[in-house]
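Dear colleague,

I am passing on a structure that I would like you to look over before we discuss it. My notes follow directly after it.

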Amino acid sequence: MLLYNTFVFFTLSAVILISIILALRQKADMAGMTGMIIPMFIGMNIGLTSGLLLGTVFRGDLFLSTILSMLIGAAAGTITGASFGSAAAIEGLMSGIMGGMMGAMLGEMLQPEKSLIFINIFLTVTLAALFLFKILPKTETAITSKRYYMKPLLTFIFLVFYLYSGSKLGHTWIETLKGSTPQQEHKHHP
């Protein structure tokens, strides 16, 4: 269980770090709403993903999973948004809080197998947020050669391999969760 949790939080931390670096490098190209979209997107996705994970791990303690995931999402959105300015930091803060709250509630309600599917989906979407730095700037570049396609293709192959490996870790995570929490049966009729 610890290995999958580490995989998810390492991935989220890497996205935050890469986002900060890209934001500082491309700050001049991203002005106005573009600079607000990225912290909002990253704060929301990191809050949702961490909330799903913590809601599943701390099943039965919604307060703890909600507080932790709200703090993680708010920190991610604020730190990423601070690279663009104070308005973007506030936007990232609030969307991170909202994402953390929703993720924790969803993680609490879902079975671990379904949670794993959602966590993998949100990890993919969170990693895809890094492509916004290439898509949203004001400058447009023309494709000059076939070599231009190699970098995105290699990046895609690496991300598929990385997420597939994490998904395999998730199956042992589910088995550990099933062994540590008793199954509750709901009886509606006596």
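The model is predicted, so local features were taken only at pLDDT of at least 70 and side-chain atom pairs only at pLDDT 80 or more, whereas totals for chains, interfaces and linings use all residues. Residues are numbered from 1 along each chain as its sequence is written, and side-chain values rest on heavy atoms, with hydrogens and water left out.

The protein has seven helices and zero strands, where helices are DSSP runs of H or I with at least four residues and strands are runs of E with at least two, numbered from the N terminus. Of its 190 residues, 41% are buried; here buried stands for under 20% relative accessible area, exposed for over 50%, and partly exposed for what lies in between, with a 1.4 Å probe and protein chains only. Among the contacts with a separation of 6 or more, 85% join residues 24 or more positions apart, a contact being heavy atoms within 4.5 Å.

Helix α1, with 24 residues, reaches 34 Å from its first C-alpha to its last, close to the expected 34 Å, and its buried residues include Tyr4, Phe7, Leu12 and Ile16. Helix α2 has 25 residues and reaches 36 Å, close to the 36 Å expected; because 20 of those 25 residues are buried, α2 is largely enclosed by the rest of the structure.

Helix α3 covers residues 62-82 and spans 29 Å, close to the expected 30 Å. Its buried residues are Ser65, Thr66, Ser69, Gly73, Ala74, Ala76, Gly77, Thr80 and Gly81. They lie on the same side of α3, because they cover an arc of only 160 degrees around the axis, the arc being that of the directions from the helix axis to the C-beta atoms. The face turned away from that buried side carries the exposed residues Phe63, Leu71 and Ala82. What covers the buried residues of α3 includes α1 (2-25), α2 (33-57) and α4 (86-109).

Leu93 sits in helix α4 and is partly exposed, at a relative accessible area of 29%; leaving aside residues up to four places away in sequence, Leu93 touches Ala74, Gly77 and Thr78.

Finally, the largest pocket has a volume of about 680 Å³. A pocket is an open set of points on a 1 Å grid over the protein atoms alone, where a 1.4 Å probe fits and protein lies on both sides within 12 Å along at least five of seven lines, and its lining residues have an atom within 4 Å of a point. The volume is the space filled by probe spheres set on the points, which are joined across faces, edges and corners. Of the 18 lining residues, Leu130, Phe131, Lys134, Lys151 and Thr155 are the closest to the centre of the pocket. Helices α1, α6 (132-135) and α7 (150-180) each supply at least two residues of the lining.

Best regards

Note on methods
The expected span of a helix is 1.5 Å times one less than its number of residues.
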